Amino acid sequence: MRITTPRPPIDSPGLTNSPAQRQAQAGAPKNQILISSYQFSKLPSVQCLPVFRSLVAFVLAFGSAALAPVAAQSVTPLPTAETVLLGRFSQGPLNVPQWVGPAEFETMFGSTNPAAWPAEVQARQFFANGGTSLHVIRIAATRSLFNVLTGDSNALTGLCAVQPLSDVRLLIAPELSLLSAGEFVAAFASFRAFLDARGIFFILDPPPGLSTTAAMTDWAGTALSGNASNCAIYYPYLQIQLNGSNLTVPASGTMAAIYSQNAADYGIWHAPAGTSFPLSAVTMSLVLSTPESDLLTAQNINTTLRS
């Protein structure tokens with residue numbers, strides 16, 4: 001299934017290096033610095049002498065020890081960018097980021113009816129598609145969804161709970177598109193201002209029920225107004241099985257896992273697309289024709305296709 005330092009020149013402006021000098025340098029012992037092979041002919045002597053004297057003093061003081069080979073050392077790679085999932089869950093600490101793997105997630109946030117919790121569905125899709133760990137931020141289920149999503153910068157709640165995290169580069173918030181049209185526009189603007197300032201990419205889920213490409217493009221044109229940089233949207237939905245039930249769900253959790261695998265295996269310069277990472281899904285909610293796929297692409301909507 002397919003989801004769709006240059007080397008400086010040898011001769012610098014203040015140095016001359018004749019063929020005879022290069023030949024002398026080539027036949028010199030490896031641990032010897034041929035100071036005489038370069039003539040500071042184009043620099044004033046008042047500038048050359050201090051440099052020359054310092055270089056001679058260095059060689060006399062340290063000798064060949066300064067040129068001794070350095071033992072090879074292993075390089076520990078930096079960790080890949082971390083992902084945050086922001087949403088409502090049936091249990092777990094509120095507004096405190098928790099770094100969890102599959103087992104910890106099940107214990108801390110899991111429920112007996114995950115289909116009732118969109119954020120839990122996406123967390124399970126993240127782990128089912130190869131994601132290993134992510135930050136989960138649980139927001140209150142009994143208050144205004146708009147308020148708990150956008151949060152409070154002083155209390156570090158909702159989206160603002162991301163603020164203390166330093167290595168986050170990807171965020172998903174599956175319930176953002178469940179807001180009313182007016183609330184969504186305001187909340188999306190708040191999300192973009194917060195995330196753009198911190199260099200965090202956002203995978204935005206379309207709202208449920210968009211059964212045609214025309215409905216998808218109409219929603220995107222109205223809700224986003226073409227202003228969705230540093231953001232990705234995927235369509236059509238995925239059809240999955242969860243606890244024996246067939247569900248139609250957006251792709252944010254799945255694609256967050258693909259992004260993480262792609263960065264770990266190929267690096268951030270490689271596009272998370274193609275058939276390198278098969279998806280854990282039964283099928284797509286809609287089989288796209290080539291014109292439909294082209295229409296979505298023209299609207300900057302990423303397509304999920306069957307290969």
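Predicted model: local features only at pLDDT ≥ 70, side-chain atom pairs only at ≥ 80, totals over all residues.

Student: How do I read the two faces of a strand?

Tutor: In a regular strand, side chains alternate between the two faces of the sheet. Now look at E7. Cys231, Ile233 and Tyr235 lie on one side, and Ala232 and Tyr234 on the other.

Student: Are those residues of E7 buried or exposed?

Tutor: They are all buried, so both faces of E7 are covered. Buried means under 20% relative accessible area. Five of the five residues of E7 are buried, so the strand is largely enclosed by the rest of the structure.

Student: Which strand is joined to E7 by three bridges, and do the two run parallel or antiparallel?

Tutor: Strand E6, residues 201-204, is joined to E7 by three bridges, and they run parallel. Take Leu204: its bridge partner in E7 is Ile233.

Student: Where is the cis peptide bond?

Tutor: Look between Tyr235 and Pro236; omega there is about 5°. Tyr235 belongs to E7. Pro236 sits in the loop between strand E7 and strand E8 (238-242).

Student: Where are they placed?

Tutor: Asn95 is in the loop between strands E2 (82-88) and E3 (98-100). Asn300 is in the loop between helix H9 (290-298) and strand E11 (302-305).

Student: How accessible is each one?

Tutor: Asn95 is partly exposed, at 22% relative accessible area. Asn300 has 67% and counts as exposed.

Note on methods. Residues numbered from 1 in each chain as written. Heavy atoms only, no water. Helix = DSSP H or I, 4+ residues; strand = E, 2+ residues; numbered from the N terminus. Buried < 20%, exposed > 50% of the residue type's maximum accessible area, 1.4 Å probe, protein only. Pairing = 2+ DSSP bridges.
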